[in-house]
Amino acid sequence: MIDLQRRVAIIGAGVGGLSQAIALKTTLGFNNFTIYEKGSEVGGVWRANTYPGCSSDVQIHWYSLSSDLYPHWNKSHGLQPEIQAYWIKLSKKYNLYPHITFNTKVLSAEWDDAKQQYTIVAEDVFSGKRTSSVAHVVISAVGILEAPKIPYEIPGVRKFQGTSFHSAQWPGSIDLQNKRVAVIGNASSGAQFVPSISEDPSVEVVNFIRTPTWFNSRPHIPYSDTEKWIFANIPLAMRLHRAWIMFWFDFPSIVRPSDKTLKKRREAMTKYILDNAPSRYHDHMIPDYPPGCKRTVANSGFLNILHRPNLTLNFDGIADIVENGIITKTGMYGHSRYYHLPHISLGEMLLFDVIVYATGFIGERYPMHVRGLNGATIQGYYDAHGGPTAYLGTAIPGIPNFYLLAGPNTGTPTSTLFVEEVQIGYILQLIEPVVSGSASSFAVKASPTDAYNAKVQGRLSRSVFMHCYSWARTNGTGKVFNPFPWAVTLWWWWLRKPNWDHYVAVGAEKWVWARRRKAAKNILKCAAVLTLLWRYISGSVHTTWG
């Protein structure tokens with residue numbers, strides 16, 4: 001039975017927050033929840049990232065909600081407009097819009113232990129007006145791609161007088177025709193939009209690359225009308241296709257490859273890059289770290305367009321950003337089509353009208369103030385443990401009834417949505433006693449959290465993730481806080497049900513007695529089955545020997 005007085009707050013209307021809301025409605029029949037969304041529409045990263053060529057890295061049939069598979073995807077990898085439309089459709093289907101407070105940023109959530117509830121302070125992003133509300137459960141669905149990273153460590157970032165923006169904040173009205181465009185960064189986002197913006201020969205593009213990345217072939221394969229019909233009309237066809245994608249992605253994590261296999265893989269990836277990139281870039285295109293240390297970039301066209309005359313890769317490094325351009329460190333890759341100032345010791349001066357930062361996101365700081373028991377905070381816990389840390393990437397000691405989607409060490413090379421769906425199933429089991437009124441709160445204990453993370457970090461310390469500078473490590477070289485170092489199948493197994501001994505329950509007398517009664521009934525059922533089985537066996541034996 002649901003307690004109508006209990007309230008749940010979800011922070012973020014991205015794919016995780018929307019999936020959590022749908023599960024509350026469909027699994028628990030619970031409707032007293034609010035989703036706080038700082039943007040003006042649902043979708044999260046798919047609302048925010050509108051740069052040309054934005055698409056999913058994982059095949060779209062595995063990046064769909066398991067309860068709402070869609071047979072009519074156009075290609076193997078969904079493009080941003082198509083994915084965004086899918087989540088808007090689901091939000092309407094499940095009537096989520098009345099639950100969403102748009103253009104509202106959560107500033108803080110503080111736990112009142114006497115009242116067993118959070119006080120949430122939120123701010124209207126336009127007016128600045130602040131409001132306060134309460135919730136008994138808070139679910140953080142802000143993910144790890146919430147705060148775009150601008151490289152302020154580069155001198156002069158704020159000096160540039162032209163147009164500049166992060167790729168996650170792409171202006172819908174910008175016209176790059178006849179513009180000189182600098183792109184800083186070359187990971188997943190940059191590799192997706194550089195082919196699109198350089199397609200216009202009037203756009204002069206220079207892509208500044210500090211650290212080369214590994215690429216693999218991941219073409220976007222169109223689905224035929226026949227395939228779409230099969231997915232829509234043949235029972236289980238779409239689910240079998242999805243299962244095959246999961247197996248294909250997860251198998252390398254289940255069966256650890258040998259050193260010989262890893263060497264061959266590196267050689268094959270090296271050959272792939274060199275076979276596709278112009279020879280003038282060969283000395284700079286191969287990373288000095290092993291594949292897998294950073295996320296491998298899906299080559300959906302980037303390597304193939306490096307021969308375009310209006311596109312230049314620059315590996316010189318950036319010494320300074322000035323009012324009208326960028327000064328490089330060495331000047332090896334100056335290009336005659338640009339107007340260069342007289343050579344200076346730092347390198348060359350390249351003039352630009354636009355700078356696009358494809359420089360990733362800030363992952364090691366939690367984006368809002370959350371206080372739990374005895375003054376404990378999420379960021380304080382992160383700092384005390386050398387970086388983002390949580391129990392199963394989901395709960396934090398001292399922070400009751402607060403759960404993270406896509407929390408620390410939940411990153412896999414598979415479907416983020418699948419990872420979050422597994423978490424949602426786990427979280428529902430923790431919050432059901434709270435929203436039903438049979439318990440007040442659950443808080444994970446410190447000792448199992450420490451034991452779990454010791455296991456995670458022990459595994460990571462022997463992994464490929466230790467061999468490079470990465471945003472997924474504290475300060476680039478410290479604790480590895482993002483990857484989950486096992487197969488996603490194991491993730492599902494560990495989170496299939498909570499270990500209640502790892503949690504402290506408050507106000508849970510009803511829940512405890514209900515569990516005991518259920519356990520007693522199960523024991524009696526088992527005893528009855530065993531008794532009947534024994535009588536049957538004994539009767540058979542007597543009949544045989546009689």
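Asparagine 475 is placed in the loop between α11 and α12, where helices (H or I, at least four residues) and strands (E, at least two) are DSSP runs numbered from the N terminus. The structure is a predicted model, in which local features need pLDDT of at least 70, side-chain atom pairs count only at pLDDT 80 or more, and totals for chains, interfaces and linings use all residues. Residues are numbered from 1 along each chain as its sequence is written, and side-chain values use heavy atoms, with hydrogens and water left out. Although asparagine 475 is not a glycine, its phi is positive, at about 55°. Most residues other than glycine have a negative phi. Asparagine 475 counts as exposed, because its relative accessibility is 58%; buried means under 20% relative accessible area, exposed over 50%, and partly exposed in between (1.4 Å probe, protein chains only).

A positive phi is also found at glutamine 116, where the value is near 55°. Glutamine 116 belongs to the loop between β4 (104–112) and β5. With a relative accessibility of 10%, glutamine 116 counts as buried. Glutamine 117 lies in strand β5 (residues 117–124) and counts as buried at 15% relative accessibility. Leaving aside residues up to four places away in sequence, glutamine 117 touches Glu110, Trp111, Asp112, Val134, Ala135 and His136, a contact being heavy atoms within 4.5 Å.

Another glutamine, at position 84, lies in helix α3 (residues 80–93). The relative accessible area of glutamine 84 is 10%, and the residue is therefore buried. Apart from residues up to four places away in sequence, glutamine 84 touches Glu41, Val42, Gly43, Trp46 and Arg47. The C-alpha atoms of glutamine 84 and threonine 50 are separated by 9.9 Å, and these two residues are 34 residues apart along the chain.

Burial may also be considered for a whole helix. Helix α4 (residues 188–197) is largely enclosed by the rest of the structure, because nine of its 10 residues are buried. These buried residues are Ser188, Ser189, Gly190, Ala191, Gln192, Phe193, Val194, Pro195 and Ile197. The cover over the buried residues of α4 includes the strands β9 (180–184), β10 (204–208), β11 (215–217), β12 (297–299), β13 (311–314) and β17 (354–357).

Aromatic pairs were counted for the rings of Phe, Tyr and Trp (its six-membered ring), which pair if their centres lie within 6.5 Å; planes under 30 degrees apart count as stacked, over 60 as edge-to-face and the rest as tilted. By this rule there are 33 aromatic pairs. One of them joins tyrosine 391 and tyrosine 503 edge-to-face, with 6.0 Å from centre to centre and 85° between the planes. This pair links distant parts of the chain, 112 residues apart: tyrosine 391 is in the loop between α9 (378–384) and β19 (402–404), and tyrosine 503 is in strand β21 (residues 503–506). Tyrosine 391 is buried, with a relative accessible area of 5%, and tyrosine 503 counts as buried at 6% relative accessibility.

A further pair is formed by phenylalanine 484 and tryptophan 494; their ring centres are 6.1 Å apart and their planes stand at 90°, so the pair is edge-to-face. Because phenylalanine 484 lies in the loop between α11 (446–461) and α12 (488–494) and tryptophan 494 in helix α12, the pair ties together parts that are 10 residues apart in sequence. Phenylalanine 484 counts as buried at 4% relative accessibility, whereas tryptophan 494 counts as partly exposed at 24%. Ring pairs link Tyr391, Tyr452, Phe484, Trp486, Trp491, Trp494 and Tyr503 into a cluster.

For the chain as a whole, the secondary structure comprises 13 helices and 21 strands. The C-alpha trace spans about 105 × 65 × 45 Å along its principal axes. Of the 546 residues, 51% count as buried. Among contacts in the chain with a separation of 6 or more, 70% are accounted for by residues 24 or more positions apart.
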